[in-house]
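The sequence and structure come first.

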Amino acid sequence: MNDDDKGSQVAQLQSPLIIQGKPISPGLVKGVIHVHRNILGPIDAPEYPDSNNHRKHDTEEQLSRLDVATASISDDLLVLAERVEDEIDARLAEVFSAHQLMVNDVTLRQELRKEIIENLVSATSAVKTVFLRWEKRFLLMESQIARDKGDDMRDISIRLHNALTGITTHSLETIPDTCVLATSRLLPSDTIFLAGRSIAAVLLEHGSAGSHAALFAREMGLPAISGLPNLFGVVSEGVFALVNADSGLITLRPSAHQSLIFQENIEHNEQVLQEARKHAQSPAITKGGVTIPVLANVGCREDTEKAMFNGADGIGLYRIEQAYLGRTVPPNKEELLIEMQETLAAAKGYSVCVRLLDIGADKPLPFLGFMAETNPALGRRGIRLLREYPELLKTQLAAILELTRDFDIRLLVPMVTLPTDVLVVKEALIQLGKTLNLSQLPQLGAMIETPAAALSAKVIGRHVDFLSFGTNDLTQYAFAADRENAAVEEYIDDGSPVILRLLEIAHDDVPEMPLSLCGELAGRTEHMARLVRSGIGTLSVAAPLIPMVKEAIRSV
Ligand code: PEP
Ligand code: MG
């Protein structure tokens, strides 16, 4: 290499570099990069002494070490779940409750014991081998949910390994405050360590917008960008970065001019947000005088509280899956009712739209057994599954009818494709209403999440009081691209004219029918004018977005 080449390499190293990732939690921040490669470092368990010397009492000792460690982390996880629920977020707490169930899973425990007994290895070594096997099984699966399970397995194995070897510190304890953390991926328990820290942003090699890490980051208002597979090749320790987690752009070693513009953007965003917050509790009325209620999508108590604080005009989508995930038996009517009442308490007196359980074959519920399907997204999910398990449907309807005592309830049927999908629910509702001697039943709505449903608005509309567009799924099905699969992300565009056209066709077919929109598209302020023009009368969005969405409507 001649001096000119060397000089140009150095210049390249020092010149600004812009990289593009996938924004998974919004916000604009700047900070110094801290590279943390080994959150998921290999588990270097000391191997058990030569197996030839293995004796019966050694095996028993290892089995007992395993039992003690399992019991200890099981207790820890229960305490952790309670703490997280109180201090951070009920949905994140569910992750740790699920870990507690997993660590006590009979199949897993038997496999660990078998490994110790048959291969004459230490408890630590058995944990390493067995968990790696399980983790790989999950990571090889296509669905993001299954891959998240792989992360869960890794998380539990580290916890169990640490309990066996007496390690009590976490590798994230040493990261500096206010840094931009660059790492491979985050496990649920890593997020707990970040909760107490004031780091500026997180850059991840891997992690979908639906991953635990993304969920946590959004809850904490921590800007995060993922989908940066070559992250460690481009970032280095101590480099200054501008992180735009709204667009996914990261500027490394910015010029003075780039920094100045970025700072102006930060200040502008802050001003706009402050202004929007001032008016958040007032209704959103377009310049033409049309009021568009802005409701909230919620899944847990904290969501509802945040939503009401941010000026929600009601709840447009209550996802009840939380009450079912991580359980070994489905909740009965009373349990479900208590969970719903707790979740919705802050919205008393407001209109609340409860969606029936929307679970798919790729989100297996332990009590339904394992239902292997080649194409889970095209298989038994949402109402299709409830039609197969009528008792599951009945329990939900019974709890929801009870809820009408305290709330102005509307009921939403997920994944409707055929008119029969709503008729089944309508008949069950009428039947139950008669048994309970109710004079009035809640309004019934169909979620329009498949192109077939959008194009059948007329026939489906005959049996319901309103339609709600679930554009997340509508986009996945219209573009034939799995919404959880980052490899086909290019095909997922919920703001595409294709989706807006489907909304307009449905509106033209049923012009009198109240239409709402509860997919992520409802929160994209850049599409507001077109959404309002296409006949959407109500929007439902994540709680933090409400002030800005209301502001956007006011400028239509
Ligand atoms: C949707 O599909 O747009 C929707 C709101 O439902 P979910 O994201 O829960 O599938
Ligand atoms: Mg959906």
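## Terms and model

Contact is taken to mean heavy atoms within 4.5 Å, and a residue is called buried when its relative accessible area is under 20% and exposed when it is over 50%. The structure is a predicted model.

## Helix α15: length and faces

Helix α15 comprises the 17 residues 419-435, which at 1.5 Å a residue should span 24 Å, and the 25 Å between its end C-alpha atoms agrees with that expectation. Its buried residues are D421, V422, V425, L429, L432 and G433; because they cover an arc of only 105 degrees around the axis, they lie on the same side of α15. An α-helix has 3.6 residues a turn, so residues three or four places apart point the same way.

On the face turned away from this buried side, α15 carries the exposed residues E427, Q431, K434 and T435. After the helix comes N437, which has a positive phi near 60 degrees.

## Surroundings of α15

The buried residues of α15 pack against the helices α13 (383-388), α14 (390-403) and α17 (457-461), and also against the strands β12 (408-416) and β13 (443-448).

## Packing of α12 on α14

Helix α14 also packs with helix α12 (residues 333-344), at an angle of about 45 degrees and with the two axes 9 Å apart, which makes α12 oblique to α14. The crossing in which α12 passes α14 is right-handed.

In this pairing, α12 contributes K333, L336, L337, M340, Q341 and L344, which meet T395, Q396, A398, A399, I400, E402 and L403 in α14.

Key:
Residues are numbered from 1 along each chain as its sequence is written. Chains are lettered from A and ligands numbered from 1 in the order in which they are written. This is a predicted model: local features need pLDDT of at least 70, side-chain atom pairs count only at pLDDT 80 or more; totals for chains, interfaces and linings use all residues. Side-chain values use heavy atoms; hydrogens and water are left out. Helices (H or I, at least four residues) and strands (E, at least two) are DSSP runs, numbered from the N terminus. The expected span of a helix is 1.5 Å times one less than its number of residues. Buried means under 20% relative accessible area, exposed over 50%, partly exposed in between (1.4 Å probe, protein chains only). The arc is that of the directions from the helix axis to the C-beta atoms. Axes are lines fitted to C-alpha atoms, for helices over the stretch in contact, and angles run from 0 to 180 degrees between N-to-C directions. Angles under 35 degrees count as roughly parallel, over 145 as roughly antiparallel, 65 to 115 as roughly perpendicular and the rest as oblique. A crossing is left-handed if the near helix is turned anticlockwise from the far one by less than a right angle, and right-handed if clockwise.
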